[in-house]
Amino acid sequence: MPLILPLLLAVVLFCIGVYGVLARRNVITLLMAFELMLNAVNLNLVAFDAWRINDATGQTLAVFVITLAAAEIGLGLAIVLLLFRGHGHVDADAARDLAEQDDAERNELVEQEKAT
Amino acid sequence: MTTALFSVAGAVALIASVLVVTSQRIVHAALWLVVALGAIAGCFGVLHAEFVALVQILVYVGAIVVLVLFALMLTKAPTNPLPSLTTGRSPFAAVVAAVLALVLGAGVVLAFGNEKIKPVVDGSAQAVGTQVFKTWVLPFEVLSVLLLAALIGAIALSQRKKED
């Protein structure tokens, strides 16, 4: 089997994930696109393991990446639920709390400087 | 034979993942994710990584997609089609993804265009276990600490009081 086949599949899967991260609005769909990108990386690891190394190093790293993905999606969904509880939506474009907080803090600092 | 099997599984994975990022119904996107991850598990199986394929099915399809579906349920995700699920900047996103695919694909073809994967005899759990407990012991332990940290973090995030 040509090595280029799994590698190209991984490239296309990764780019589909990039498109999903950039174009989607719901945070949970963003997390699904992250999973696609992590799977593309796993496919690369397993393909290179089957090609040259052949001592299961790539497969071990792929299992590690799957574990990382499980931790990531657990924390990510906890943050999504917190966002939903605080705002009533899970819209990534509408969640601008950090930017607003930043501006407010800067204004407060300016006002404090004026007062003193 | 393996090439044909891999092509079939890869085509299923491609179609399903395109539907994951373009579907207008969010629950359908989550269910297409199951198909995509299962097809990628099939690709792992064709590449003689049976253990990785089984772990993929157990962890991804069994745990992660169920978590995603629970999150969809808890955030009251609508089941009707939502055109606003994709933002207005999706053409730009498609251009970025296509350019990235062209660059990465050209690099991969130039670097590995003529290489072949030789058929291997074993890709079993025994080899992976030997590697984990021989070469990769320290990353394995670090990963277990990371999982514990993620667990505590998820509990701390979800138990925050309302007046905070």
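Predicted model: local features only at pLDDT ≥ 70, side-chain atom pairs only at ≥ 80, totals over all residues.
1. **The contact between the chains.** Chain B brings 73 residues to the contact, and chain A brings 61. On chain B, six helices each supply at least two residues of the side that touches chain A: α1 (2–22), α2 (26–46), α3 (50–74), α4 (90–112), α5 (125–134) and α6 (137–158). That side of chain B is made up of 52 nonpolar, 17 polar and 4 charged residues.

2. **The annotation on chain B.** An unreviewed UniProt entry marks residues 6–22, 29–47, 53–72, 92–113 and 133–157 of chain B as "transmembrane region". Two of these spans can be set beside the model. Residues 53–72 of chain B are 100% helix and 0% strand, with end C-alpha atoms 26 Å apart. Residues 133–157 of chain B are 92% helix and 0% strand, and their end C-alpha atoms lie 33 Å apart.

3. **One helix pair across the contact.** Take α1 of chain A (residues 4–23) and α4(B). Their axes come within 9 Å and cross at roughly 160°. An angle over 145 degrees counts as roughly antiparallel, so α1(A) and α4(B) are roughly antiparallel to each other. The crossing of α1(A) past α4(B) is right-handed.

4. **Who meets whom in that pair.** From α1(A), the residues include A:Ile4, A:Leu8, A:Val12, A:Cys15, A:Tyr19 and A:Ala23. They face a set in α4(B) that includes B:Ser90, B:Ala94, B:Ala97, B:Leu104, B:Gly105 and B:Phe112. The contact of α1(A) with α4(B) counts 21 nonpolar residues, 2 polar and no charged.

How values were computed
Residues numbered from 1 in each chain as written. Chains lettered and ligands numbered in written order. Contact = placed C-beta atoms within 7 Å. Helix = DSSP H or I, 4+ residues; strand = E, 2+ residues; numbered from the N terminus. Nonpolar A, V, L, I, M, F, W, Y, C, P; charged D, E, K, R; others polar. UniProt positions renumbered as here; feature names shortened; annotations may be inferred. Axes fitted to C-alpha atoms, helices over the stretch in contact; angles between N-to-C directions. Parallel < 35°, antiparallel > 145°, perpendicular 65-115°, else oblique. Left-handed = near helix turned anticlockwise from the far one by under 90°.
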